[in-house]
Amino acid sequence: MNYFRIQKTFLFVYLLGSTLPFAHPRPSVTLNRLDSIIKHNPSALTVRAERSWLELSNGHAGPSVLEDVVWLSRYPEWVPTADRLHAHYLFLQGKFDSARIMLYTNIESPLKNSPDQFQLLAKLELSMLDTNAALAIWKRAWNARHEEGDLMEFINLHRAHKSTSLELLRDGFHRHPKSPGVCKVIFEAAMSNGTEEGLEIGLIVSSHALDTWPKSSDWRLRNAQALFRKEKYFEVEAVLLDGLKILDESSRFNGENSFATDIRKDMLELLVTNNLQTNKQKSKQ
Amino acid sequence: MRSVLTLKQLVFSKTYNHNKGLLENRTKGTVPFWKFLALLTVCSAALIEAASFVRTPYLQLGAPTSASICWRVDVASVLTVRYGKDSSDLKSVSTASPNSTNACVSLTGLSPATKYYYQVYDGNTRLAGTSEQYFVTHPPVGEKGAYKFWIIGDAGTLYSEQFAVRDAFLSINKGPHTDGFIMLGDNAYENGTDSELTKKMFNVYPTIMSSTFTWSCIGNHESYTSKGAPYLDAFNFPTQGQSGGVASNTELYYSYDYGNIHFISLASIVASRSATGPQMEWLKQDLQATRQEWIVVYFHHPPYTWGSHNSDTEKEHIEMRQNFLPVLEQYGVDIVYGGHSHNYERSFLLDSAYGNSTDNKNKSNRVILDKRSGNPATTGPYIKTSKTAGHKGTVYVVDGSSGKVSPIKGLHPMHYIQLRVEGSVILTINDTVATHKFYDKSGKLLDEFQLIQRDSPTLVNSSKKSASEFKYSGRTFWFSEKNQTEFFVYSIRGQMVMRKVPKGKLLIDSKMLPSGKYYYRFASAYGKIDLQ
C-alpha cells in the first residue's frame, strides 16, 4: 500500500513537473508591434494568428487571444487555426474539461490535427494523471504521421511509466534508422527493458549507429555497454580503445570542460571493469 | 504570361476572353486560309521559342566535387546545363529531369577549388549565362585558404534598403562572387510564400545566387506558410551530408564544410528546440564528427538581443540560449550568427552566459572572456587559446538589418556594440584568423572584430605496431617500445592530463601530476595507476 502510494506520488510530481505550462515573461516588444498592426488593421488575420501563437507559446492566455479567436472564426479558411488556438487558450486558462473536448474534436479533423494538438492533449491527460490516455494519444500521433519527435516523446513516456513496447522500438528503428535522437531513445528504452530481447535490440541499434556515425564516441560507449551486457568482453575492449583513440586524437575533446570528459570517464571505468572479466575468461580457457 | 498567349490572341482574336483568360470556343467559326497560314508560321516559331526564367539559375549544394544548379521556368521544359573549365569550350552537358518548371541539375565528378563556367540551354537556345557565368567548387575538406562569405539577415522587404545593402556589398566585393552566401531567415516578408520568395529573394540577388552557393536557415516569417514549405521547396540543402557533416535527413537543419570551416545551420523555429529533441541529438553527432578548425553556426533567433526583439522574454531566444549554447560552446564553436531583431548587435568574446541579461551581467567577470572590442586596429583581436577545444570563447552576432531597421531597446550587457542601421556582414577566414566586418548600406565599415586561434591541433601518430610491455615503479616508467606510440594519462574524472611520446624512461614528478589515482593508456595497454 505504502509502496503504491510512493509510486503514485512520484508519478504525480514527475508529471506535474513535466507537463504544467511554464510561463515565460511576455515578449512585449514583438507583441506591441503586432498590437499596433492589428489596431490599424483589425482584419490582419495572419498577424492575429501570429500574436496569439506568440502569447500562448509563452504560456499566456490573455484577452487578446480570445479576441483573435473570435476574429479568425469569422473566416472559414481561418476556422481550423482559431479552433487550435482556442484549445490552447482553454488549457492555459485551466478549463481542462472544455479543452479536452475541443482537442479530441480537433485531432479527428484532418484540417486541425496538427502536432501541437496531439502534444497538448497528451499533456492534458498527463496533468490529469491518466498516463494510459496520454500513451494512447501519442500512439495515435505516431500512427498518423510517424514523426521522429512524436516517437521520442512516446518512448520516453513509456519509460516514465515503466513500460516498453518492444514492437514500437522495432517499428521506430525501422522507420528512423538515421535519426540520432530516435536511435538514442530506442537504445535507452531497450537496455532498460531488462529482457534478452531488449538487450538484443540495444546491440543492433548501437552497432548500426556505429556504422552510421563512425566518428561518434558516445555511440562507441553505448555499443560497448551492450556488448558488456552480452558478455562479449574481448569486443568491448576493442570498441572502447577505439573510442578513446577518437577522443584523444583531437584537441576539441581535451579541454577541461569538454563533453568528452564524462564519456572518457565512463569508457575508462568500463574498460577496467571489463578487463577483470577478460582475465577471468582467459584463465578459464 | 508568355508570348504563347499573345499567339493565341492573334489567331483566335475573336474568341479570346481576356477576363477569364481562357479560350471560349475554339471550334466555332471558320478560319480563313491566310489565318491558317499565319497560324502555321507562328506556331512553328512558338515551337522553337525558349522557356523563360521565373527564377534565374542559382547554385545549391556546394561541395568539393559536386554542385547543383537550380531554376524555375514559366513552362515545363527539359533544359540542359553546359559547363566546363574553359568558358569558350563548355564540353560537359547535364540534362534536367523531369520535364517540369522547377528543376535542379546535379553536376558530379568535378575538381575541388576549381572554376567552372556554365550556361543553361533550351535545345540550342541559350537561356542564361554569359561567358562569365561561373561557380567555384568547394576546396578539399580541411584545406586552409582565404575564404570570404556574405551574411545577411531579415532582408526580404523589397524596400529600397534591401537593394542599398546589396549594392553596397557588390561595390565592396567588386562583384557578386564569394565563397558562400548565407541568409539568416526572413528572406521574404510577410509570409515566405512562393511568390514572395521569387520577388523578394530570387529577383533581388540573381547575380549573386548564380555565382555563389546560397545557404540559409529558416526564419519565423518563412514558417507562417505551411511551416516553411515554399522556403524548403525553393532550396536544396544537404540532408544526407552531401556537402560534409552528418546527415540530418531534413532541410530544416544541416551542416556543410568549406575548406577548414564547418558551418551548421540550425532551426530555431518549426523544429524542436528541446535539449533532448531530434535536432539536438543530430547536432551532438555532427559536432563529434567534425575535425574542422573553425565552426560557424547560424540560426534565426539570436541568444542575446535587445533590439526589436528581447532575448530575455521571448521563448525561441531563451530556449536556443539555454539548450543549444552549452553544447555549441562545449564543442568549441567560434562564431554564432542570428537575425530576427532588425538591427546589428555584436557580443564580446563570451562563454557560459546562459541566463537572462541580469544574471549574465552579474556574472560578467566570468562570462565575458575578453572585454575589449576585438578590433585589430584599436584594442587588438580576440585570441582563442586553443583552436578547437571547448569553452575558449564564442562571439555572437545579430545581423538582422539587411532589409530594414526597427526600434531598439538598448545595448545588451553581453554586447560590445549595437547599431540601428541597415547593413550586412562580410566574414573572411584565412587560416587561423577570422575577420568579421559589418558595413552599412552606403558601404561604410561600422564594426570589425578579429578572432585568432593560437595553437595547432595535435594529432596522435596512431602507430599500428602492437604495444610492448612497459613497467613502472613509483613515478618512473620504462618503455621498451621504440616507436612513436603515445602514452596517455587521464584523471579519474576522465580528463586527459598528460600525453607524451616516451623515450625509454619517463619520470612523472609531482609537479607534473599530483598524487592520486589515474587511468593510463599506451597503445592497447591500459589500466589504473596510483601515483604517490
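Me: Which domains is chain A divided into?
Reply: Chain A has domain 1 (1-136), domain 2 (146-214) and domain 3 (215-285); the bounds come from an automatic or database domain assignment. This is a predicted model, where local features need pLDDT of at least 70, side-chain atom pairs count only at pLDDT 80 or more, and totals for chains, interfaces and linings use all residues. Residues are numbered from 1 along each chain as its sequence is written, while chains are lettered from A and ligands numbered from 1 in the order in which they are written.

Me: How many residues of domain 1 of chain A are in contact with domain 2?
Reply: In chain A, 5 residues of domain 1 are in contact with 6 residues of domain 2 (contact: C-beta atoms, placed from the backbone, within 7 Å).

Me: New topic. At what angle do H5(A) and H6(A) pack?
Reply: Helix H5 (residues 79-92) and helix H6 (residues 96-108) of chain A pack at about 155 degrees, with axes 8 Å apart. Helices are DSSP runs of H or I, at least four residues, and strands are runs of E, at least two, numbered from the N terminus. Axes are lines fitted to C-alpha atoms, for helices over the stretch in contact, and angles run from 0 to 180 degrees between N-to-C directions.

Me: So what is their relative direction, roughly?
Reply: H5(A) and H6(A) are therefore roughly antiparallel (angles over 145 degrees).

Me: Which residues make the contact?
Reply: Among them are Asp83(A) and Leu90(A) of H5(A), and Phe96(A) and Met102(A) of H6(A).

Me: And how many residues of chain B are in contact with chain A?
Reply: 50 residues of chain B are in contact with 44 residues of chain A. On chain B's side, the largest share, 6 residues, comes from H8(B).

Terms used: Two residues are in contact if their C-beta atoms, placed from the backbone, lie within 7 Å. Angles under 35 degrees count as roughly parallel, over 145 as roughly antiparallel, 65 to 115 as roughly perpendicular and the rest as oblique.
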